[in-house]
Amino acid sequence: MRDALKTKDHKRFLGTIEFFPEEGKYHYDGHRACSRCMSPEETRSLSGLCPACGKKVTVGVMHRVALLSDREAGCKPQQAFPFLSSIPMSEVLGEVYGVGVKSKKVAQHYQKLLETFGNEFFILRDCSLSQLKEAGYSLLAEALKRIRAGKVHISPGYDGAYGVIKVFEPWERRENQLALF
Ligand SMILES: [Zn+2]
């Protein structure tokens, strides 16, 4: 694997699946007690001070990344390996059914999906969405479509608070839009 990475061998190293870095507790800057979450740019424009209490904010990982970077955000080197930022499938199922991640319902469907389609990474990244729909998982298929396209709602973590990644918007659930899938 090291060799494949070193020589940028795209045939032997296909890419990675990882969680969203924004879920980390110190991704952005800010003050949890003041409910102020700031991007590195915002922090810079405010000279590193919290707009609520006026004290220095807790600086997160992205701030350092922005300082060290020699490229614009979103820039992708030509030889870079592909990656998929994903959400653990149990969290996706929790959202799909509107229940807790540790609930019985999530555990049951998780197990059933693995038995029917294969391992979690395959389902998240490659599984055919139409096959999932046929098996009665049309809302899950819609969720995976959005995750694969990177179309999720991200609230980055900051100052010790975990980030939150959501596939569906609160209004979609409220207005019963999810029943359409
Ligand atoms: Zn503050």
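This is a predicted model: local features need pLDDT of at least 70, side-chain atom pairs count only at pLDDT 80 or more; totals for chains, interfaces and linings use all residues.
A residue counts as partly exposed when the number of other C-beta atoms within 10 Å of its own falls between the buried range, 20 or more, and the exposed range, 12 or fewer.

Select Thr116, which lies in helix 5 (residues 104-117). Thr116 has 13 other C-beta atoms within 10 Å and is therefore partly exposed.

Next, colour the two domains, domain 1 (16-68) and domain 2 (87-180). Their centres, taken over C-alpha atoms, are separated by 27 Å. Where they touch, domain 1 supplies 16 residues and domain 2 supplies 13 residues. On the domain 1 side, select strand 2 (residues 29-31), which gives the most to this contact, with three residues. The residues on that side of domain 1 comprise five nonpolar, six polar and five charged.

Then display helix 4 (residues 89-97) together with helix 8 (residues 138-148); their axes come within 10 Å and cross at roughly 125°. Helix 4 is therefore oblique to helix 8. The crossing of helix 4 past helix 8 is right-handed. To view the contact itself, show the side chains of Val92, Leu93, Glu95 and Val96 from helix 4, and of Leu139, Leu140 and Ala143 from helix 8. Which classes of residue make up the contact of helix 4 with helix 8? Six residues are nonpolar and one is charged, with no polar residues.

How values were computed: Residues are numbered from 1 along each chain as its sequence is written. Domain bounds come from an automatic or database domain assignment. Two residues are in contact if their C-beta atoms, placed from the backbone, lie within 7 Å. Helices (H or I, at least four residues) and strands (E, at least two) are DSSP runs, numbered from the N terminus. Ala, Val, Leu, Ile, Met, Phe, Trp, Tyr, Cys and Pro count as nonpolar, Asp, Glu, Lys and Arg as charged, and the others, Gly among them, as polar. Axes are lines fitted to C-alpha atoms, for helices over the stretch in contact, and angles run from 0 to 180 degrees between N-to-C directions. Angles under 35 degrees count as roughly parallel, over 145 as roughly antiparallel, 65 to 115 as roughly perpendicular and the rest as oblique. A crossing is left-handed if the near helix is turned anticlockwise from the far one by less than a right angle, and right-handed if clockwise.
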